[in-house]
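This report describes the fold and packing of the structure shown below.

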Amino acid sequence: MALLEVTNLKTHFTTRDGVVRAVDGVSFSVEEGHTLAIVGESGSGKSVTALSLMRLIPDPPGKIIDGSIILRGDDVLKMDASTVRAMRGDRIAMIFQDPMTSLNPVFRVGFQIGEALRIHKGLSRKDAAARAVEMLDLVGIPNPAERARDYPHQFSGGMRQRAMIAMALACDPDVLIADEPTTALDVTIQAQILELMIELQQRKGTAIIMITHDLGVVADMADDVMVMYAGKQVEYGSAHDVFYQPLHPYTWGLLDSLPRHDIDEKGTLLPIEGQPPSLIDVPSGCAFHPRCPYAQDRCVKESPELREITAGHQAACHFAGEDGFVRGEAVPVTGEVA
Amino acid sequence: MFKYVMRRLFQMIPVFLGVTLMLFVLRIPGLLPGDPIQLIVGERELTPALRAEIEEKNHLNEPLHIQYGYYVGGLLQGDLGESYQKSRPVTEILGDKFPNTFRLAFAAILVEIIVGVLAGIISAVKQYSFWDVLVTLSTSVLVSVPVFWLGMLLQMFFGIKLKEWTGGSVFLPISGMGNPPDFVHLILPAITLASVSTAYVARIMRSQMLEAMGQDYIRTAMAKGLTERAVVFKHALKNALIPVVTYIGIDLGALMGGAILTESVFSWPGVGREIYLAVLQRDWPVVMGGVVVVVVIVMFVNLLVDISYAALDPRIRYGGAAE
């Protein structure tokens, strides 16, 4: 059994305009010491998936309406409030996109790192402070003892994200969820933060769920990749398979819109036309069909099931696995789809 | 920090001079009714010799700018002049009244802090609940009710009607401080004086709290596994309190300067009422002295508030000595 197994997770939000199916039946699993990347455009349900794992969905308006999240045999969705709190920060920890706003400006950095240790490990204020200094040292903050007494505004963006990582890893969690941890950082700092995460993962054996829209990050870190579109997973498999034998036209689109400086220097980027759909009024059939160059009548009427195409590699496309339906070879359907 | 405080202290000088100058302008003959010499003489017969003597003693025969010089000179030595009406030094008169004003001010601030902050927190934490609606409605009413009218209403209800209904056994005193001063005399004036600011404090507290609760660092705190109580009362509250403390601090300065309306309605023997009576009697040195002292107090309390900011919000460091 995997460390974390998520089955048929559905998280919906009730709004005035209707029900937003932010996450609509997603299943995946993560092994110890492995990294799963969840990829997709903004609004595809990546972050809601992550927050659902922590049971941090604001209710109302949000609600996890179905599914199971099994962490080492315990169903997170069946836990009572105090068990969930005991799990947060201790067994599953999370770092967020914007380190500038994710730290509380009026508390010292060391205090904020030590807080989780005090609640989960029962450390005294003094021991927690000492451990916080060790954690800052671990994530590569120079003069950690001094820096622990600083306030967040005295840290640079990269240092703050290091502090966030220190905070998340303080209790040695089984799973670390990183919600676009490098998006708000400079490119050079991005690389440092990713390296740090990889290094700490190797040292501690933490499973990482990396949420990102940056396929470069995925290539660097991920063992497995899940591609999400409109709240559903459209492709799921090992990073190698998803990168080298992508099955879903949406994944092709994502890969095509990635700048490749190794091959065609002047090659133009191929963006995916159109916008992600509204999650209230999801298109009929395959949610991707209005933007898919290969869509046929069947795609409008029939919603494709996620199915295993090759061993351990799943995709939700009617044509995935058919002869000739391969990235770069498939022929776009011209003309209006009925 | 030291440099900052010194700069602020220096900035007080022009404000101080400006206020005294403006008050002095009011003494240009013919601008305000009433003859000060007549006031000083009172019932005695005003002979030319007596007039000359009084003019000489009070420097009233000098041109206005010379009089101003005398006044500021006296001020720097702690002399605010002598009351026309009471023939007592103004410092003595005000010295008697300020402790009473402070008493009332602190009572009112306490009401603001306890009622205003709590109502704001409850209102924010239970947004759109019955309590939230109640707080929102009652604060809207309170900020628009004139203070003197609220005071009279409270007097009528708790002082007169309640006494009638209970046959004279239960009521709250409606004037004075009691002899010796006691707590029950403080209740109605303190509530009246605090009313508008309590409503503002509740509203600021509510909006700041709601804003803080929506911040990313709150999600971080939740993700750490903190209880909701710890998240609200530690992580959100400390951020939300900063503007509230500022408001209360500034209000404390204003209240310590005396509350003319409340003190008058409740016959509270404070500085505000003293200034009000002095205006009625055209007792110029008392008005002038009272206003000058109030201005100085407000300036110093505001400086203290600004300094205490730095203690609450680590992002604020004065004087550029931070990193």
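Beyond its neighbours within four places in sequence, Ile209(A) contacts Val30(A), Leu36(A), Ile38(A), Ala50(A), Val175(A) and Ile177(A); a contact requires C-beta atoms, placed from the backbone, within 7 Å. This is a predicted model, in which local features need pLDDT of at least 70 and side-chain atom pairs count only at pLDDT 80 or more, while totals for chains, interfaces and linings use all residues. Residues are numbered from 1 along each chain as its sequence is written, and chains are lettered from A and ligands numbered from 1 in the order in which they are written.

Ile209(A), Leu136(A), Ala166(A) and Ile177(A) have the most contacts inside the largest nonpolar core. Such a core joins buried Ala, Val, Leu, Ile, Met, Phe, Trp, Tyr and Cys residues through C-beta atoms within 7 Å. A residue is buried if 20 or more other C-beta atoms lie within 10 Å of its own, exposed if 12 or fewer, and partly exposed in between. The two cores compare as follows.

| Core | Size | Residues included |
|---|---|---|
| Largest | 99 residues | Leu136(A), Ala166(A), Ile177(A), Ile209(A) |
| Second, separate | 59 residues | Leu150(B), Ala194(B), Ile204(B), Ile275(B) |

Chain A has twelve helices and twelve strands, taken as DSSP runs (helices H or I, at least four residues; strands E, at least two) numbered from the N terminus. Of the contacts in chain A with a separation of 6 or more, 64% join residues 24 or more positions apart. The C-alpha atoms of chain A fill a box of roughly 70 × 50 × 40 Å along the principal axes.

Key. Two residues are in contact if their C-beta atoms, placed from the backbone, lie within 7 Å.
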